[in-house]
Amino acid sequence: MSSLKEKIITESKRLGIDKIGFTTAEPFDYLEDSLKEQKANGYTSGLEHPIIEERLYPEKTFENPKSIIAIALAYPTKSRQPIPRDEKRGQFARASWGVDYHHILKDRLEKLISFIQSQAQVEAKMNDWRFAPQVDTGELVDVAVAQRAGLGFIGKNGLLITKEYGSFVYL
C-alpha cells in the first residue's frame, strides 16, 4: 500500500509537474537580514508579499503548519514554430512564452490539492487542513522553499537551479 506522499508524487507526474518536494514548515528566519536589506535599498519588485515576518514564519499565516510541498515546472526552451528570418524581430525570455505561468501553476496546484484532499479523506487523516497555493507572489520565498524541499539549489543569480532543467523552471 502506498503512502499519501507516494500517491502525491505519482499524481504530480500525471498532472505534468516536473519536480515535487516536501519540507517542514520551520521558519526561514535566516533570510530576515537579506529581505530587510533588499527592501531598504529598493531592490524589491513590488510584487513580493509586503510583510517580511509572514515571508519568514509560516505560522504567521497558517495555524500549526507542518509541511510545505514545492513544485517546479520546466518552461519551454525551444520554439514550437519556425522563426521567420525575413523581418526584424525581438527576443523574449523563455519564461514569457505562451500562457502566463501563474495560470498554469495555479491550475496544476488546484488539481493537486483536490487530489490530496480526496486521498486524505479516504485515509481519514485530514483534519481541517488549509491549502494555500502560491506562486512567486505568495507569502513564502519560493526559491527558499524549493531549495529546502530538495528541488535544487539557489545560484548566485538568486534563481533555483535544478539538476534536470537548470534555472528554467517555474516554482
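**Exercise 1. Which side chain of opposite charge is nearest to Glu 54, and how far away is it?**

Before starting, note that this is a predicted model, where local features need pLDDT of at least 70, side-chain atom pairs count only at pLDDT 80 or more, and totals for chains, interfaces and linings use all residues. Residues are numbered from 1 along each chain as its sequence is written, and side-chain values use heavy atoms, with hydrogens and water left out.

*Step 1.* Find Glu 54 in helix H3, residues 52-56. Helices (H or I, at least four residues) and strands (E, at least two) are DSSP runs, numbered from the N terminus.

*Step 2.* Check the charges: Lys and Arg count as positive, Asp and Glu as negative, while His and the chain ends are not counted.

*Step 3.* The nearest side chain of opposite charge is Lys 60, 7.9 Å away. A salt bridge needs a side-chain nitrogen of Lys or Arg within 4 Å of a carboxyl oxygen of Asp or Glu. Glu 54 has no salt bridge, yet it's buried (under 20% relative accessible area; exposed is over 50%, partly exposed in between, with a 1.4 Å probe and protein chains only).

*Step 4.* Now look around. Leaving aside neighbours within four places in sequence, Glu 54 is in contact with His 49, Lys 60, Thr 61, Glu 139 and Leu 140 (contact means heavy atoms within 4.5 Å).

**Exercise 2. Work out why Thr 61 counts as buried.**

*Step 1.* Go to the loop between H3 and S2, where Thr 61 sits.

*Step 2.* Thr 61 counts as buried because its relative accessible area is 18%.

*Step 3.* With neighbours within four places in sequence set aside, Thr 61 is in contact with Glu 54, Arg 130 and Glu 139.

**Exercise 3. Find which residues touch the most other members of the largest nonpolar core.**

*Step 1.* Know what you're after: a nonpolar core is a set of buried Ala, Val, Leu, Ile, Met, Phe, Trp, Tyr and Cys residues joined through side-chain atoms within 4.5 Å.

*Step 2.* The largest one has 21 residues, and Leu 31 and Leu 171 touch the most other members.

*Step 3.* H3, strand S2 (67-74) and helix H5 (142-148) each supply at least two residues of this core. H5 gives the most, with 4 residues.

*Step 4.* Apart from this core lies another, of 17 residues, among them Ile 20, Ile 71, Leu 73 and Tyr 101.
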